[in-house]
Amino acid sequence: MADPATTPEPQEDPYAGMRAARPWLQWIEDTSRYYKAWQDACDNIDRQYASAERLRNNIDREFQIFWANLEVVRPSIYARMPVPVVGARFKDRKPLVRHASEILERSLITSFEIANLDDVLKAVRDDLALYGRGVAWVRLANEDRLGFEHVDRKDFLCEAGRKWMEVGQVARRVWLTRKQVRERFEATSDGAWQLAQYSRRKDSKDGQSDDGYEGEEKAEIWEIWSKTKDVVVWVTEGSKDAVLDIRPPSDIAQ
């Protein structure tokens, strides 16, 4: 018989009440419905701005003004990549502080170039000019480097709030192949990764791309960051009973 004094007590699961995927998926559905009117307006802008017929004819005065305004607004929002400048908070001229500031400044410059930050910010700028919102996703990548990604407007959701400090939950969507889903979630989902639903993404609203291209089948994966619950959760539509992964934000490195 085991000694009660030496038998470890079972550890309580801190996420016991949050491992069901259904509430997270319901939040995605509700939030998507909240932004539907805005997304529909953005779709209309896309159709007008990317219309090959209007570009070819180039006789619509309203369209010409809209295009010209965008060309003026874009560089005023963002024209070139920022140059990091690191200095000591207190100007005591200590050699250690000066050298540390120089190392940090050079590291940031190199990180921005490696991460191709300029292209990301230009994509965010274009979205801001066209739709009124642009999103960049920042994460700690491999080898402790910052990674920057532009997120399409339809792949980002956030809780409604009057100001950013009131937003308690954000999410982004990625599309993964079967191999990518298995490699990422096989060890964390307890089999839920096998329930992911795969489909071929289409370009147009009616489900048919203009050139007939369908692409590889991929699953829709949502990554949800909850400030109120202090967790990061991955869910997919096919698995409503269990999340693909759940962990504290401090564990996210890539």
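The model is predicted, so local features are described at pLDDT of at least 70 and side-chain atom pairs at pLDDT 80 or more, while totals for chains, interfaces and linings use all residues. Residues are numbered from 1 along each chain as its sequence is written, and side-chain values use heavy atoms, without hydrogens and water.

Helices (H or I, at least four residues) and strands (E, at least two) are DSSP runs, numbered from the N terminus. Helix α6 covers residues 117-131, and its 15 residues reach 21 Å from first C-alpha to last, close to the expected 21 Å; the expected span is 1.5 Å times one less than the number of residues. Its buried residues (under 20% relative accessible area, 1.4 Å probe, protein chains only) include Leu 117, Val 124 and Tyr 131. The buried residues of α6 pack against α2, α4, α5, β1 and β2.

Now to a loop: Asp 155 lies between β2 and β3. Asp 155 counts as buried because its relative accessibility is 11%. Its side chain makes a polar contact with that of Arg 173 at 2.8 Å; such a contact is a pair of N or O atoms within 3.5 Å, and within protein one must be able to donate a hydrogen and the other to accept it, with residues adjacent in sequence counting only if both atoms are side-chain atoms.

The largest nonpolar core has 24 residues, and Trp 24, Ile 28 and Val 235 have the most contacts inside it. A nonpolar core joins buried Ala, Val, Leu, Ile, Met, Phe, Trp, Tyr and Cys residues through side-chain atoms within 4.5 Å. Helix α1 gives the most to this core, four residues.

How values were computed. Buried < 20%, exposed > 50% of the residue type's maximum accessible area, 1.4 Å probe, protein only. Contact = heavy atoms within 4.5 Å.
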